[in-house]
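Subject: Structure handover

Hi,

My notes follow below it.

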Amino acid sequence: MDLDALLPGLPGLPGLPGLPGLPGLPGVRGTVVVTRTPAGTPADTPADTPVRPHERDRAAAHALARRLVGEVTGRPAPPLAHRCPTCGSSGHGRPSVPGAPDVHVSLAHAGGWVAAVVADVPCGVDVEPLRPLEAPPVALTPGESAALAATAPADRPAVFLTWWTRKEAAAKAGLLHIDDFDRYDARTPGAHVADVPVPARSPAGSPGAVAAVAVRP
């Protein structure tokens with residue numbers, strides 16, 4: 001897959017000698033990028049094959065993660081490997097870099113947004129486009145539920161999705177299990193979870209997105 005062709009709009013990445021620090025997570029070396037999914041079709045897709053938005057987002061997220069790995073290691077990154085710790089499937093699960101066990105990677109994609117993080121410790125990232133809540137929020141602690149109910153209705157989607165990305169990032173980093181979401185209070189990120197600034201790269205009128213990153217030292 002031609003990563004540059006898939007991600008023509010990705011801003012130039014700075015040199016990463018030794019990996020810089022992740023924002024909001026002192027002592028951890030890594031880099032994280034959140035961006036819109038570029039328009040167009042992945043380079044390895046036949047011209048007459050329609051590409052669903054979800055598939056384009058997934059391809060772009062993998063390309064972004066591989067590009068970050070390449071920046072960190074100084075060599076072209078191989079396709080990421082996946083393995084589910086629950087069922088052992090290689091079709092999903094936490095990604096890893098073949099031949100580079102000390103390079104940890106995570107990726108996310110949703111609604112036209114992609115995110116990836118590379119770090120020297122297990123890590124997780126999540127991104128969610130801001131949107132109205134179509135159903136009552138789930139996986140909240142009692143304190144979160146009460147706080148959300150006291151939030152102005154117009155602000156509830158952004159508040160809930162901010163908490164949700166923190167929980168998802170923490171789970172991907174191995175800090176908690178998805179079944180523990182309703183016991184993990186994400187109103188304050190904690191020492192190993194941080195919000196990620198989202199660039200203003202949304203089309204006119206688009207509400208943007210929220211994102212979070214987590215690490216497991």
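Leaving aside its neighbours within four places in sequence, which residues is T141 in contact with? The answer is a run of five names: F181, D182, R183, Y184 and D185. Please keep in mind that this is a predicted model.

**The loop around T141**

T141 sits in the loop that links β6 and α3. T141 has 7% relative accessibility, and the cut-off for buried is under 20%, so T141 counts as buried. R187 is 46 residues away from T141 in sequence, yet the C-alpha to C-alpha distance is 9.8 Å.

A139 belongs to this loop too, which runs between β6 (123–129) and α3 (142–149). A139 is not a glycine, but its phi is positive, at about 60°. Its relative accessibility is 23%, so A139 counts as partly exposed.

Next come α3 and α4. Helix α4 covers residues 156–172. The two helices pack at an angle of about 160°, and their axes are 10 Å apart. Angles over 145 degrees count as roughly antiparallel, so that is the label for α3 and α4. The crossing of α3 past α4 is right-handed.

Which residues make the contact? From α3 they are E144, A147, L148 and A149. From α4 they are R156, V159, F160, W163 and K167. By class, the contact has 6 nonpolar residues, 3 charged and no polar ones.

**The three-stranded sheet**

Now the open sheet. It has 3 strands in the order β1-β5-β4, and the pairing is antiparallel. β1 (30–36) and β4 (104–110) are the edge strands. Each has a single partner strand, so one side of each has no neighbour in the sheet. On average, neighbouring strands here are turned by 10° against each other, direction ignored.

β4 and β5 deserve a look together. Strand β5 spans residues 113–119. It runs antiparallel to β4, and 7 bridges join the two. S106 is partnered by V117 of β5. H109 is partnered by V114 of β5. The two strands form a hairpin with 2 residues between them. In that turn, G111 has a positive phi of about 55°.

Is β4 enclosed or open, given its place at the edge? It is largely enclosed by the rest of the structure, because 5 of its 7 residues are buried.

Helix α2 (residues 53–73) lies across β1, β4 and β5. Its angle to β5 is about 25°.

**H109 on β4**

H109 is a residue of strand β4. Its relative accessibility is 22%, so H109 counts as partly exposed. Apart from neighbours within four places in sequence, H109 is in contact with H54, D57, R58, A61, V114 and V127. H109 and A59 are 50 residues apart in sequence, with their C-alpha atoms 9.2 Å apart in space.

Last, strand β8, residues 209–215. How many of its residues are buried? The count is 7 of 7, so the strand is mostly covered. In a regular strand the side chains alternate between the two faces of the sheet. Both faces of β8 are covered. A209, A211, V213 and V215 are on one side, and V210, A212 and A214 are on the other.

β8 pairs with β6 and with β7. β6 and β8 run antiparallel and are joined by 7 bridges. In that pairing, the partner of C123 is V215 of β8. Strand β7 (residues 193–195) also pairs with β8 in the antiparallel sense, over 3 bridges. There, D195 stands opposite A212.

**Where to start when you open the file**

Begin with T141 and its contacts from F181 to D185. Then follow α3 into its packing with α4. After that, go to H109 and its contacts, including H54 and V127. Finish on β8, where both faces are covered.

Best wishes

Notes
Residues numbered from 1 in each chain as written. Predicted model: local features only at pLDDT ≥ 70, side-chain atom pairs only at ≥ 80, totals over all residues. Heavy atoms only, no water. Helix = DSSP H or I, 4+ residues; strand = E, 2+ residues; numbered from the N terminus. Buried < 20%, exposed > 50% of the residue type's maximum accessible area, 1.4 Å probe, protein only. Pairing = 2+ DSSP bridges. Axes fitted to C-alpha atoms, helices over the stretch in contact; angles between N-to-C directions. Contact = heavy atoms within 4.5 Å. Parallel < 35°, antiparallel > 145°, perpendicular 65-115°, else oblique. Left-handed = near helix turned anticlockwise from the far one by under 90°. Nonpolar A, V, L, I, M, F, W, Y, C, P; charged D, E, K, R; others polar.
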